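Please open the model in a viewer and keep the sequence panel at hand. The stops below are to be selected in turn.

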Amino acid sequence: MAEMIDPPPVSEQLHAPAPGADGGEVHTLDHVDQYLQIGQESDCSDVHLGVNSLPIWRRFGNLEPIWLQADRLTAADTERLAMGFLDDAQKQLLFDRGDVDFAYATPFGRFRASVVRHRLGIDIVFRIISSKLRTMDELGLPESLKMLTQYHNGLVLVTGSVGSGKSTTLAALVEEVNRTRHDHIITLEDPIEYVISSNNCHVTQREVHTHTKSFGAALRGALREDPDVIMVGEMRDLETIQLAITASETGHLVLGTLHTGNAARTLDRVLDVFPTDQREQIRVMVSESLRGIISQALIPRQDGRGRVLALEILTNTPAVGNLIREAKTYMLPGVMQTGKKQGMKLMDDSLMELYDAGLISQDEAYSRSEQKALMRQHFAH
């Protein structure tokens, strides 16, 4: 069972007047950095500044107002805030295209910014990027997952929905390689989230749209840079997936992410992106190059003190490879159920463990389970 992820203490500014306010209604702040600093100190993951809305943050997975009493932001407010931190090129892109996404750095942290025009005006959303690179042990990841960082070729995928901690897990895997091996690591990210300093390995970090045009272009370039390990921040299209599989077959360990919910759906997503006449060949390639899939979810704790990590783990065995080749991914849960000695685990089993430990509620465990009937039986016992 993954250990719980405890947040740091909540800032005293939670639901309190903004600095300089008179204790009554909170007025619009002068710059986005002020909202970001409050959000960062209060351990939230996202900050939303939208037209006709109170300033909002996502904290422990839930959207809620930063202050209980605040001015609603007007179209003029959000436009002023946007123009206060966009550079000239970003302003032009927002005008021409209607949206702009980029990494935004301040003296106190790094953020992923998204600014969009819509019917009412301009909305701004920030994802707060944690600056602390956590190890696999600190995240409570199973010891067996360290084996995935020891391969010298192959494909390791970390999957889950948006905001499920994929980037944090991926960075921890890269740091494990950085700590235990003597290799060249190249990371391709959009944007760079965790800054990884070279330890035993030489680490090269490239940011899509800043240092390269696309993941595909960066991956093609990476193959000419004598890499041993390549981390692909997001495998989102045919070209990137195809290049990642090819690289994993030609003597590179490739670590990547996908927005899929479990191991079987991940494999279907990888295979379905290819034209029909190529799928049989790709199935064979993936069955041989796949090392493992980590599917994860961050679930609100029952006591309200943060979120806890639930994991599904697939490792490649002869039985798993055979099912991939024969296009029988729907049978993978059965193999995973019997593959616990190889470190495999179904998401439902992880949810049951977290529920039995009193960390998550019955409602959370049930709503996220695949086999509802089995989960109901478990509750009855």
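Predicted model: local features only at pLDDT ≥ 70, side-chain atom pairs only at ≥ 80, totals over all residues.

Residues are numbered from 1 along each chain as its sequence is written, and side-chain values use heavy atoms, with hydrogens and water left out.

Select Asn-178 in helix 5 (residues 166-180); helices are DSSP runs of H or I, at least four residues, numbered from the N terminus. Asn-178 is buried, with 0% relative accessibility; buried means under 20% relative accessible area, exposed over 50%, and partly exposed in between (1.4 Å probe, protein chains only). A polar atom of the Asn-178 side chain lies 2.8 Å from the backbone oxygen of Ser-197. Beyond its neighbours within four places in sequence, Asn-178 is in contact (heavy atoms within 4.5 Å) with residues including Ile-185, Ile-196 and Val-203.

Next, select Gln-90 in helix 3 (residues 88-97). Gln-90 is buried at a relative accessible area of 15%.

Finally, turn to Leu-374 in helix 14 (residues 372-380). Leu-374 is partly exposed, with a relative accessible area of 47%. Display Asp-348 as well: its C-alpha atom is separated by 9.0 Å from that of Leu-374, and the two residues are 26 residues apart along the chain.

Definitions and conventions
Helix = DSSP H or I, 4+ residues; strand = E, 2+ residues; numbered from the N terminus. Polar contact = N/O pair within 3.5 Å; in protein donor to acceptor, adjacent residues only side chain to side chain.
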